[in-house]
Amino acid sequence: MPSYKPQIPKIVDPSGVSPGLQARPMPVTSDQSRAYTAQTTGGKPMVDFEGTSNPYVDYQSIDLLLSLQHPRSEGYDEMCFFVMGQVKELLFKALHFELYNAQQQIRADAVDNALEILVRAKALVQYIGDSWNVLSTISPAGFNQFRDTLGTASGQLSFMYRHVEFILGNKNARLASAFRNMPHVWPALQSALTSPSLYDDVIAFLGRKGLAIDTGALQRDWSQAYVPNPSVEQAWMQVYANPVPGNALYRLGESLIALADQLSQYRWRHFVSVQRIIGMKPGTGGSAGVGWLQHVTEHRFFPELWAIRTSF
Ligand code: HEM
């Protein structure tokens, strides 16, 4: 356990940060203007700026972003936990953006575009999984030093993660309902809960490609968790009968299973790291902890793509 106390260096004076949530105004440049600037600076980076900010800081509101880290304890490990939690929220957002756009491309029958996007989605999940390399350096004693200050906060209350689960098809009305008291968050999550997932759209796409899909898989209560459908398994079997790169549906199936594989590995790493840090203690969010997470690790996205591995 780190017995030493954290020293938090003061980097930004919060009184100078513009709290606005909108993109800050910035000039647009061009090849021509950049060439001119490089001429006037003699090739050295610019260092003189007007006002109280600079273009890099304004582009991504960096001073605001770096003013949002507020550990609540004297526990040394809390800063690491706090920053990694925020980093993961950003990465969940990046992942959701890709999945949402892959879904739009599938709806437009642009399977090659969706495949290109899914390459990045998979890379993002892998990257998110690697966050456990850092988080698992938190020892049980180190975690105990700040755990009480989490109150009943738990990653299970991440609405961004819930968006990721929902767009992939793992709908859960009960877990979603935790956000119904947040009018700035609930409408989008409720809409995600009650709309087709990416996988639902992939199934509709298989149907448009002439594969026989039951109407029960094409029109259903989207707020319910996806239940494997024999006609979908049969359709994938037909696709996998021609396992060549020229078969775009086959490539789509393999791309989805690679994504599902990474997601399962992410959940597994969370489960193992949690067991390493808190053992069999209950979670802060009200669950039994590791026991509940184990049940999560058993879930697989796109179940028919797993099932055909047996019958293939
Ligand atoms: C490093 C220490 C961590 C521990 C000991 C831990 C522990 C747990 C536990 C026990 C649960 C079950 C729900 C409950 O709290 O009762 C849970 C769920 C969850 N945690 Fe963590 N967690 C840790 C870090 C994180 C981080 C940094 C994130 C990312 C933001 C995260 C994301 C989640 C998510 C998304 C769930 C819900 C899983 C699902 O619904 O499938 N956890 N965590």
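I'll start with two helices: α12, residues 230–240, and α15, residues 303–311, pack with their axes 9 Å apart, at an angle of about 60 degrees. Axes here are lines fitted to C-alpha atoms, for helices over the stretch in contact, and angles run from 0 to 180 degrees between N-to-C directions. Helices (H or I, at least four residues) and strands (E, at least two) are DSSP runs, numbered from the N terminus. The pair α12 and α15 is therefore oblique; angles under 35 degrees count as roughly parallel, over 145 as roughly antiparallel, 65 to 115 as roughly perpendicular, and the rest as oblique.

Before going on, this is a predicted model: local features need pLDDT of at least 70, side-chain atom pairs count only at pLDDT 80 or more, and totals for chains, interfaces and linings use all residues. Residues are numbered from 1 along each chain as its sequence is written.

Back to α12 and α15, whose crossing is right-handed. A crossing is left-handed if the near helix is turned anticlockwise from the far one by less than a right angle, and right-handed if clockwise. From α12 the contact takes V232, E233, W236, M237 and Y240, and from α15 it takes E304, L305, A307, I308 and S311. Contact means C-beta atoms, placed from the backbone, within 7 Å. These residues divide into seven nonpolar, one polar and two charged. Ala, Val, Leu, Ile, Met, Phe, Trp, Tyr, Cys and Pro count as nonpolar, Asp, Glu, Lys and Arg as charged, and the others, Gly among them, as polar.

Helix α12 also meets α13. Their axes come within 8 Å and cross at roughly 115 degrees, and the crossing is left-handed. On the α12 side are W236, V239 and Y240, facing L249, Y250 and G253 of α13. By class that contact has five nonpolar residues, one polar and no charged.

The next pair is α4 and α10, the latter spanning residues 198–208, with axes that come within 9 Å and cross at roughly 15 degrees. That makes the two roughly parallel. Their crossing is left-handed. L99, A102, Q103, I106 and R107 of α4 meet L198, D201, V202 and F205 of α10. Six of these residues are nonpolar, one is polar and two are charged.

Last, the domains. The assignment gives domain 1 as 18–65 and domain 2 as 78–311, with bounds from an automatic or database domain assignment. The C-alpha centres of domain 1 and domain 2 lie 37 Å apart.

Note on methods:
Contact = placed C-beta atoms within 7 Å.
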